[in-house]
Amino acid sequence: MSNNTDKNSYTVIFAAVMVVVVGSILAFLASGLRPNIQENERIEKQQNILYAMGVNENGDDAGSVNFIPTDEVEEEFTTFIKEQLVIDQDGKITKNDQAFLIDLKKQLAAKKRGESFQLPLFIGEKDNKQFYVIPMYGKGLWDAIWGFVALDKTMTVQGVYFDHKGETPGLGANIKMRYFMDDFSGESIMKGTQYAGIAVAKGNNDPLNNTKDDNEVDALAGATITGNGVAAMIKESVNLYKDYLETIRVK
Amino acid sequence: MALLTKKDASLILDPLADNNPITIQVLGICSALAITAELEASIVMSIAVIFVLGVGNVVISLMRNIIPSKIRIIVQLIVVATLVIVVDQVLKAYAYPLSKTLGAFVGLIITNCIIMGRFEAFALANGPWKSFLDGIGNALGYGVILIIVGFFRELLGSGTLLGYPVLGDPIMKTGLYATGYENNGFMIIPPAALIVVGIIIWVQRSRNPALIEEN
């Protein structure tokens, strides 16, 4: 037996068979689970968008992030999100009820290649107040980060949601903690008439984030690059939607 | 008859102390440094590794007579990667929130040298049941160290445990912070884990001098 397994022909055949077997298992599994996974991702996107505009089940204490429960989110989404818009490369705005399913990563890649692209934007209404929710996508330390920011007509942040694919647990991964995200509420993305975004600043002597007009929030210890990624992502996304935001901004 | 013979029991118990994968075999250090800034992450990682190493060891052990020795490392790698991806996909479909927590660990599990180390050193030469016990034992030994390191790093670095502020509020200066105590920011960054692991090794070897290597 041991002599057989040392032969070159056996090695090649074994490798080939193994690749085919493992490949089929994974392909079968991936296609079998796909509908479930897509449904979960759909629900998650709706939860995230609603979370950013303050429709969530957070308690008053700065504890954990609590989304609208999965079985209610579909209904709540249609109640609170009044319009879903798509802005194309020429600045043309169309309504699209499935805009939240647009993959921003693909659209940004298309934009970079100079091809046509579609940018989704969501207009929500809560307590007779308009919220403009913008999706964001950027780079963290290890992998992608993304999120949503909800603005009002004065370009003041009403809420944010961040998520990440593979930031370091305990460090960069903390961008999705409430104590970080809550700091953004009340900050303005404008500096004068410029769309400056919000910087994630170290040592700004404002750990409680009482100063809301400095375009800065307190950074996370040990997560400099992820924090810089968040700041760059906000600035980039806000500038993508600049033309539209300029039309709704109260000057 | 007991459920485990004495030899079987030692497969599980030895890696917990005198043959610990991290402090004695010096395997799996990379992930011990990377993810122990919080206790919760340490616990999640430990559970994931217990599963992958237990099942992986059995699979490799069952295949041990048919794996060509020239490409055994690649075969081992494929087995770990497949296992981890399968778990990740199933969680994504049926336990989405849990899969979000585990997402960042997937890559770290595949590259964990404990897993390859135990496949190579044990599963290739032993039967499935023994390999299973060895896998569980080593993963537990790894988990124990991870949880100890995570405990001290989160407590001293952030003043919390599993996210609960056990020492008071560092910004409002309540609890222990009222006396002038400050969090040690150094504990949050990975080099601190090296120091904590070093202290564990020191304590362990001074309690059991037989573990000290002769030069």
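View 1. Of the 215 residues in chain B, 36% count as buried. This is a predicted model, so keep that in mind for every view below. Walk along the sequence and the pattern reads α-α-α-α-α-α-α-α-α. Along the principal axes, the C-alpha atoms of chain B fill a box of roughly 65 × 50 × 40 Å. Now take the contacts in chain B with a separation of 6 or more: 76% of them link residues 24 or more positions apart.

**View 2. Where chain B touches chain A.** How many residues does the contact take from each chain? Chain B puts in 29 residues and chain A puts in 30 residues. On the chain B side, helix H4 (residues 72-94) gives the most, with 10 residues. Sort that side of chain B by class and you get 19 nonpolar, seven polar and three charged residues.

**View 3. The sheet of chain A.** Here six strands of chain A make an open sheet in the order S2-S1-S3-S4-S5-S6, with antiparallel pairing. Which strands sit at the edges? They are strand S2 (93-95) and strand S6 (157-164) of chain A, and each pairs on one side only. On average, neighbouring strands of this sheet are turned by 25 degrees against each other, ignoring direction.

**View 4. Zooming in on strands S1, S2 and S3 of chain A.** Strand S1 (residues 81-88) of chain A has S3(A) as an antiparallel partner, and seven bridges join the two. Look for Leu85(A), which stands opposite Leu121(A) in S3(A). S1(A) also pairs with S2(A), again in the antiparallel sense, over three bridges. In that pairing, Val86(A) stands opposite Thr94(A) in S2(A). S1(A) and S2(A) form a hairpin, with four residues between them.

View 5. Strand S4 (residues 129-139) and strand S5 (residues 144-151) of chain A pair in the antiparallel sense over eight bridges. One pair to pick out is Met136(A) and its bridge partner in S5(A), Gly147(A). Helix H6 (residues 224-240) of chain A packs on the sheet and touches S3, S4, S5 and S6 of chain A. The direction of helix H6 of chain A makes about 125 degrees with that of S4(A). Another helix, H4 (residues 104-112) of chain A, lies across strand S3 (118-126) and S4 of chain A, and runs at about 70 degrees to S4(A).

**View 6. Inside the largest nonpolar core.** This core has 87 residues. Which residues have the most contacts inside the core? They are Leu50(A), Ala52(A), Val133(A), Phe148(A), Val149(A), Ala150(A) and Val160(A). The largest share of the core, seven residues, comes from helix H3 (residues 39-62) of chain B. Centre on Leu50(A) and, leaving aside residues up to four places away in sequence, you'll see that Leu50(A) touches Val55(A), Asn56(A), Ile68(A), Val73(A), Glu76(A), Phe77(A) and Phe80(A).

View 7. The pLDDT of chain A averages 87, and 97% of the residues score at least 70. Among the elements of chain A, S5(A) has the highest mean pLDDT (93), while helix H1 (residues 2-6) of chain A has the lowest (66). Where pLDDT is low, the predicted coordinates should not be read in detail.

Terms used. Residues are numbered from 1 along each chain as its sequence is written. Chains are lettered from A and ligands numbered from 1 in the order in which they are written. This is a predicted model: local features need pLDDT of at least 70, side-chain atom pairs count only at pLDDT 80 or more; totals for chains, interfaces and linings use all residues. Two strands pair if DSSP finds at least two bridges between them. Axes are lines fitted to C-alpha atoms, for helices over the stretch in contact, and angles run from 0 to 180 degrees between N-to-C directions. Two residues are in contact if their C-beta atoms, placed from the backbone, lie within 7 Å. Ala, Val, Leu, Ile, Met, Phe, Trp, Tyr, Cys and Pro count as nonpolar, Asp, Glu, Lys and Arg as charged, and the others, Gly among them, as polar. A nonpolar core is a set of buried Ala, Val, Leu, Ile, Met, Phe, Trp, Tyr and Cys residues joined through C-beta atoms within 7 Å. A residue is buried if 20 or more other C-beta atoms lie within 10 Å of its own, exposed if 12 or fewer, and partly exposed in between; C-beta atoms are placed from the backbone. pLDDT is the predictor's confidence in each residue, from 0 to 100.
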